[in-house]
Amino acid sequence: MLDLKNINAAYGRIQILHDVSLHVEEKEVVCVIGPNGAGKSTTFKVIMGFIDYLGGEMTFKDQSLVGFRPDQILGMGLGYVPQGRIVFNQMTVRENLEIGAFLQRDKKLIRESMEYVFSLFPRLAERRKQLAGTMSGGEQQMLAMGRALMIRPSMMMLDEPSLGLSPRFVDDIFERILELASSGITIMLVEQNAARALEIADRGYVLELGKNRFEGTGKELLDNADVRRMYLGG
Ligand SMILES: Nc1ncnc2c1ncn2[C@@H]1O[C@H](COP(=O)(O)OP(=O)(O)OP(=O)(O)O)[C@@H](O)[C@H]1O
Ligand SMILES: [Mg+2]
């Protein structure tokens with residue numbers, strides 16, 4: 001579904017990604033792990049068309065992503081939840097979700113998408129009139145995910161969905177991710193919570209210094225002594 005071959009990418013003149021290759025099959029859950037600064041978020045940003053692409057091939061559903069703007073890539077059905085649970089603080093839950101549907105003009109479809117998001121995250125339904133800035137971190141993460149789901153993507157890229165959340169919310173977010181996966185949405189996620197992510201992932205990649213370091217099934221990576229020592233705390 002998503003295929004990156006030898007991707008090079010930069011912020012201005014500083015090259016960050018060096019020949020990164022990865023792929024995600026339809027309905028897979030693929031996780032990307034690696035130390036801080038490895039280029040995980042950068043990989044998502046180059047896929048979405050946010051930063052300077054220097055070379056390589058990137059395709060989504062067999063269509064090249066090179067040269068497309070982020071809004072066009074969203075329109076292809078690739079949803080993206082950036083790192084840091086970014087929500088519009090001064091807007092309500094409902095308004096944040098409406099913004100997620102900015103590509104959709106049909107009011108009825110927007111309403112249906114909102115009902116879909118509320119069914120996945122009942123807590124957002126309860127709080128639809130609350131200002132996003134007054135919600136807890138976990139609720140804001142749900143809202144950021146809900147907003148990305150408003151375009152009804154066939155694939156979602158989630159950057160650090162559980163970062164900084166209390167254990168209860170971490171459980172909740174992982175449950176929701178599994179629910180999305182079982183509803184047929186293809187998932188690629190970046191996680192600090194590497195062991196946890198590899199347990200739910202079909203496959204995973206380890207990035208380091210902007211390069212591929214290891215790859216395998218979730219289980220292979222969990223069982224790999226080097227991966228355990230370097231990334232999973234022994
Ligand atoms: N806007 C930017 N301008 C210049 N350099 C950047 C920018 N954003 C990130 N970088 C650099 O790119 C490198 C990779 O950053 P990236 O955010 O992709 O790492 P990451 O693997 O997501 O790390 P983390 O686990 O901390 O989120 C880092 O060295 C970082 O300093
Ligand atoms: Mg990151």
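Residues are numbered from 1 along each chain as its sequence is written, while chains are lettered from A and ligands numbered from 1 in the order in which they are written. Because the model is predicted, local features need pLDDT of at least 70 and side-chain atom pairs count only at pLDDT 80 or more, whereas totals for chains, interfaces and linings use all residues.

Helices (H or I, at least four residues) and strands (E, at least two) are taken as DSSP runs and numbered from the N terminus, and two strands are said to pair if DSSP finds at least two bridges between them. In these terms, four strands form an open sheet with the order β2-β1-β4-β5 and antiparallel pairing. The edges of this sheet are β2 (14-24) and β5 (63-64), each of which has a single partner strand, so one side of each is left without a neighbour in the sheet. Strand β1 (residues 2-11) is joined by seven bridges to strand β4 (residues 52-60), the two running antiparallel; within this pair, D3 stands opposite T59 in β4, and N8 stands opposite G55 in β4. Seven bridges also join β1 to β2, again in the antiparallel sense, and A9 has L17 in β2 as its bridge partner. A hairpin is formed by β1 and β2, with two residues between them, and G12 in the turn has a positive phi of about 60°.

Parallel pairing is found between strand β3 (residues 29-33) and strand β8 (residues 186-190), which are joined by four bridges, with V29 opposite I187 in β8. Strand β9 (residues 203-208) and strand β10 (residues 211-217) pair in the antiparallel sense over six bridges, V206 standing opposite F214 in β10. These two strands also form a hairpin with two residues between them, and L209 in the turn has a positive phi of about 50°.

Helix α1 (residues 40-47) also lies across β1, β2 and β4, running at about 75° to β2. The residues around ligand 1, each with its C-beta atom, placed from the backbone, within 6 Å of the ligand, are Y11, I14, I16, G34, N36, G37, A38, G39, K40, S41, T42 and Q83. Both β2 and α1 supply at least two residues of this shell, and α1 gives the most, with three residues.

Helix α6 (residues 137-149) has 13 residues and reaches 18 Å from its first C-alpha to its last, close to the 18 Å expected at 1.5 Å a residue, the expected span being 1.5 Å times one less than the number of residues. A residue is called buried if 20 or more other C-beta atoms lie within 10 Å of its own, exposed if 12 or fewer, and partly exposed in between, with C-beta atoms placed from the backbone. Of the 13 residues of α6, 11 are buried, so the helix is largely enclosed by the rest of the structure. The elements covering these buried residues include β6 (78-81), α3 (93-100), α4 (107-120), α5 (122-126), β7 (155-159) and α7 (167-182).

L124, in helix α5, counts as buried because it has 24 C-beta neighbours inside 10 Å. Leaving aside neighbours within four places in sequence, L124 is in contact with V93, V117, F118, M142, L143 and G146. By contrast, R196, in helix α8 (residues 194-200), is partly exposed, with 15 other C-beta atoms within 10 Å. Leaving aside neighbours within four places in sequence, R196 is in contact with F174 and E191.

How values were computed: Two residues are in contact if their C-beta atoms, placed from the backbone, lie within 7 Å. Axes are lines fitted to C-alpha atoms, for helices over the stretch in contact, and angles run from 0 to 180 degrees between N-to-C directions.
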